[in-house]
Amino acid sequence: MGPVICLVTDRRACGDRWREELPRRAGAAARAGVHLIQVRERDLDARDQVALVAECVRAIRGTAARVIVNDRLDVALAAGAHGVHLPSTGVPSIRLRETAPPDFVIGRSVHAIDEARDAVRQGAVDYLIFGTVFPTASKPAAALAGIEGLRAACA
């Protein structure tokens, strides 16, 4: 398989009508070839997350894209999402795999070569996202791995 293209949501970029706009953008991204739509709206309560994720799932219907939820298996299952994305310090993926439906996508963020190798060794993940390669506003104090760190993690 080639590179996987992932869109990570940020409802603040959608303005005041984010409840309608974010799912619309997710659908447009899916029709343009994005593989994964990661709903990463950590500060929303569970009810609002479920509603938003369910709308995103509806918006991508008929495409090959999948909707995954950041760090909330309960929200993902309640909304009919296709998977969950775990932070590097999250619950072990093997525990989720035991309770998740068949074909449920489980991904994990890793921030160091050892974390990447540990995640692969433990199994039960479908993909890893390696960061932080470049500076980001969401993690201003994060140590940067840079391109060399990414290259080493993939070796």
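I began with the strands: β4 and β5 run parallel and are joined by four bridges. Two strands pair if DSSP finds at least two bridges between them. Strands here are DSSP runs of E with at least two residues, helices are runs of H or I with at least four, and both are numbered from the N terminus.

A note on the source: this is a predicted model, where local features need pLDDT of at least 70, side-chain atom pairs count only at pLDDT 80 or more, and totals for chains, interfaces and linings use all residues. Residues are numbered from 1 along each chain as its sequence is written, and side-chain values use heavy atoms, with hydrogens and water left out.

**Strand β5**

Which residue of β5 is the bridge partner of leucine 86? I found arginine 108. Next I looked up burial (buried is under 20% relative accessible area, exposed over 50%, partly exposed in between, with a 1.4 Å probe and protein chains only). Six of the six residues of β5 are buried, so the strand is largely enclosed by the rest of the structure. Val105, Gly107 and Ser109 point one way, while Ile106, Arg108 and Val110 point the other way. In a regular strand the side chains alternate between the two faces of the sheet.

**The largest pocket**

I then turned to open space. On a 1 Å grid over the protein atoms alone, a pocket is an open set of points with protein on both sides within 12 Å along at least five of seven lines, a cavity is a set where a 1.4 Å probe fits but cannot get out, and lining residues have an atom within 4 Å of a point. Grid points are joined across faces, edges and corners, and a volume is the space filled by probe spheres set on the points.

The largest pocket has a volume of about 510 Å³. Of its 23 lining residues, Arg40, Ser109, His111, Ile129 and Lys139 are the closest to its centre. β4 (83-86) and β6 (127-130) each supply at least two lining residues.

**The cavity and glutamate 41**

How many cavities of 30 Å³ or more does the whole structure hold? My search gave one. Its lining is Val39, Arg40, Glu41, Arg42, Gln49, Val69 and Asn70.

I picked glutamate 41, in the loop between β2 (36-39) and α2 (46-60). Glutamate 41 counts as buried because its relative accessibility is 3%. Its side chain makes a polar contact of 2.8 Å with that of arginine 11. Such a contact is a pair of N or O atoms within 3.5 Å; within protein, one must be able to donate a hydrogen and the other to accept it, and residues adjacent in sequence count only if both atoms are side-chain atoms.
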